[in-house]
Amino acid sequence: MSHVCHKMGRDGLSLLRHISSFTSPITAFPVTKRGCRARGYQSIVLSHSCQHRRAVSTAVSPHFQELNGPEQRLLNKLYDGLIGGQRASLAESITLVETQHPRKKELAQVLLQRVLAYRREQEGRNGGKPVAFRVGLSGPPGAGKSSFIEVVGKMLTGRGHKLAVLAVDPSSCTTGGSLMGDKTRMTELSRDMSAFIRPSPASGTLGGVTRTTSEAIVLCEGAGYDIVLVETVGVGQSEFAVADMVDMFVLLIPPAGGDELQGIKRGIIERADLVVVTKSDGDLVVPARRIQAEYTSALKLLRKRSKAWNPKVVRASSHTNEGIPEVWAKIESYRDGMLASGELQRRRRAQQKVWMWNLIQENVLSHFQSHPGVREALPRLEERVTQGVVSPGLAADMLLRAFSSS
Ligand SMILES: Nc1nc2c(ncn2[C@@H]2O[C@H](COP(=O)(O)OP(=O)(O)OP(=O)(O)O)[C@@H](O)[C@H]2O)c(=O)[nH]1
Ligand SMILES: [Mg+2]
């Protein structure tokens with residue numbers, strides 16, 4: 001694992017100290033660099049003393065690089081602009097979390113920690129309750145997601161909310177983003193100064209795109225957006241990833257299609273807190289009612305996930321506006337119930353842990369795969385495993401040994 005530690009790097013060490021200086025007085029773990037020295041590592045103690053053992057170990061380097069003047073100025077400018085609610089600073093900050101550049105990635109983490117500290121202070125003043133509400137919206141291609149966000153969005157900004165809309169486009173990871181493409185730019189809403197719309201980055205892995213989306217949520221909340229909608233198309237794993245980063249997951253289903261549940265993944269229906277049957281207008285009202293009844297019975301068969309809320313199925317039309325205020329009223333009653341019971345806060349805490357482990361898995365696997373010893377042994381071992389000469393268990397042990405030996 002020294003390889004991994006080395007990768008975390010010198011800059012990580014100095015940046016950790018910067019991160020600490022941004023934490024709020026209420027929640028801070030002031031970093032004392034006079035850490036504990038042990039087995040060639042220096043611990044940066046994220047606590048008042050060594051005894052607390054709340055420590056992060058990184059490889060020592062005598063040459064670690066501090067934030068230089070321009071970097072500090074950039075971060076201060078972004079932070080001040082962001083907290084001040086400036087859209088340009090928010091957009092620039094999101095670009096920073098999306099970057100692939102290693103140093104900029106680290107700067108993005110410093111900024112994020114600072115915004116998180118600010119948000120914790122705000123939550124402290126709000127009786128420990130989150131200051132913003134996050135809603136995920138998913139559904140098959142053409143279900144009417146963008147049209148729905150457009151009308152709901154206009155309604156919400158009209159009521160004085162500040163709304164951020166983020167997109168997770170699974171196709172951006174393979175094709176550069178054709179699936180949602182321009183349609184994420186909702187015409188009216190994008191001209192609304194109380195709304196901020198941001199499409200997915202045009203490339204990266206799904207893990208990367210969803211990571212930057214969850215970090216973008218934090219930035220939007222820091223910039224004062226009190227409602228964050230995350231749109232994704234119901235393809236691949238992106239909807240599960242979105243369900244893991246929001247307070248409420250809403251599934252949008254169009255009324256067309258067969259009698260059965262139109263190939264919608266059963267797993268994702270189980271994650272839905274609310275199902276909205278879209279396009280319930282004109283000739284589509286009758287099929288919309290039928291779909292509503294089908295989903296209502298399907299949901300009854302599912303295990304109850306929450307004490308505070310039973311998933312519901314509603315109908316709405318973005319063209320006639322019918323049912324739209326009612327859908328939002330349901331979403332608000334979910335939020336109020338979940339906040340009052342503390343389930344929402346618990347869900348957020350559990351999500352943080354899930355995310356941390358997702359990121360660890362992704363990172364450790366990529367370090368493993370790029371390790372010179374593993375790369376050298378892998379092709380031959382893979383071949384021998386497929387030939388049945390070496391058992392998968394033995395091959396895995398040998399590779400892990402190669403990984404940890406250097
Ligand atoms: N009749 C009717 N049509 C609608 C309604 N909402 C959306 N549509 C139509 O459905 C089509 C798809 O709508 P979008 O809002 O782009 O759907 P989407 O789910 O965002 O689509 P993708 O982003 O491509 O997955 C468009 O032609 C809309 O005009 C509605 O309430 N009623
Ligand atoms: Mg769309």
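Let's start in the middle: the largest nonpolar core of this predicted model has 74 residues, and Leu-219 and Val-250 have the most contacts inside it. A nonpolar core here is a set of buried Ala, Val, Leu, Ile, Met, Phe, Trp, Tyr and Cys residues joined through C-beta atoms within 7 Å. Buried means that 20 or more other C-beta atoms lie within 10 Å of a residue's own, exposed means 12 or fewer, and partly exposed is in between, with C-beta atoms placed from the backbone. Helix 4 (residues 102–125) supplies the largest share of this core, eight residues. Since domain 1 (2–124) and domain 2 (129–349) both give residues to the core, it lies between them; those bounds come from an automatic or database domain assignment.

Before going on, some housekeeping. Residues are numbered from 1 along each chain as its sequence is written, while chains are lettered from A and ligands numbered from 1 in the order in which they are written. Because this is a predicted model, local features need pLDDT of at least 70 and side-chain atom pairs count only at pLDDT 80 or more, whereas totals for chains, interfaces and linings use all residues.

Back to Leu-219. Setting aside neighbours within four places in sequence, Leu-219 is in contact with Leu-82, Leu-90, Ser-93, Ile-94, Val-97 and Val-115, where contact means C-beta atoms, placed from the backbone, within 7 Å. As for the whole chain, residues 24 or more positions apart account for 70% of the contacts with a separation of 6 or more. Of the chain's 406 residues, 34% count as buried. The chain has 13 helices and ten strands, taken as DSSP runs (H or I, at least four residues, for helices; E, at least two, for strands) and numbered from the N terminus.

Now follow strand 5 (residues 163–168). Six of its six residues are buried, so the strand is largely enclosed by the rest of the structure. In a regular strand the side chains alternate between the two faces of the sheet. Here Leu-163, Val-165 and Ala-167 point one way, Ala-164, Leu-166 and Val-168 the other way, and all are buried. Strand 5 has strand 6 as a parallel partner, joined through four bridges; pairing needs at least two bridges found by DSSP. Ala-164 has Phe-196 as its bridge partner in strand 6. Strand 5 also pairs in the parallel sense with strand 7 (residues 227–233), over six bridges, and there Leu-163 stands opposite Ile-227.

Pro-201 counts as buried, with 23 C-beta neighbours inside 10 Å. The C-alpha atoms of Pro-201 and Thr-99 are separated by 9.5 Å, although these residues are 102 apart along the chain.

Next, strands 9 and 10. Strand 9 (residues 274–277) pairs with strand 10 in the parallel sense over four bridges, and Val-277 has Arg-315 as its bridge partner. Ala-272 sits in the loop between helix 8 (266–271) and strand 9, and counts as buried with 26 C-beta neighbours inside 10 Å. Its C-alpha atom is separated by 5.5 Å from that of Val-250, 22 residues away along the chain. Leaving aside neighbours within four places in sequence, Ala-272 is in contact with Phe-249, Val-250, Leu-251 and Pro-311.

Two loop residues have backbone angles to check. Most residues other than glycine have a negative phi. Lys-279, however, has a positive phi near 55 degrees; Lys-279 lies in the loop between strand 9 and helix 9 (285–300) and is buried, with 26 other C-beta atoms within 10 Å. Asn-321 also has a positive phi, of about 75 degrees. This Asn-321 belongs to the loop between strand 10 and helix 10 (324–341), and is partly exposed, with 14 other C-beta atoms within 10 Å.

Lys-279 turns up again at ligand 1. Among the 18 residues that surround the ligand, the closest are Gly-144, Lys-145, Ser-146, Ser-147 and Lys-279; a residue is near a molecule if its C-beta atom, placed from the backbone, lies within 6 Å of it. Helix 5 (residues 145–158) gives the most to this shell, with three residues. By class, the shell has five nonpolar, nine polar and four charged residues, where Ala, Val, Leu, Ile, Met, Phe, Trp, Tyr, Cys and Pro count as nonpolar, Asp, Glu, Lys and Arg as charged, and the others, Gly among them, as polar.

Note on methods: Two residues are in contact if their C-beta atoms, placed from the backbone, lie within 7 Å.
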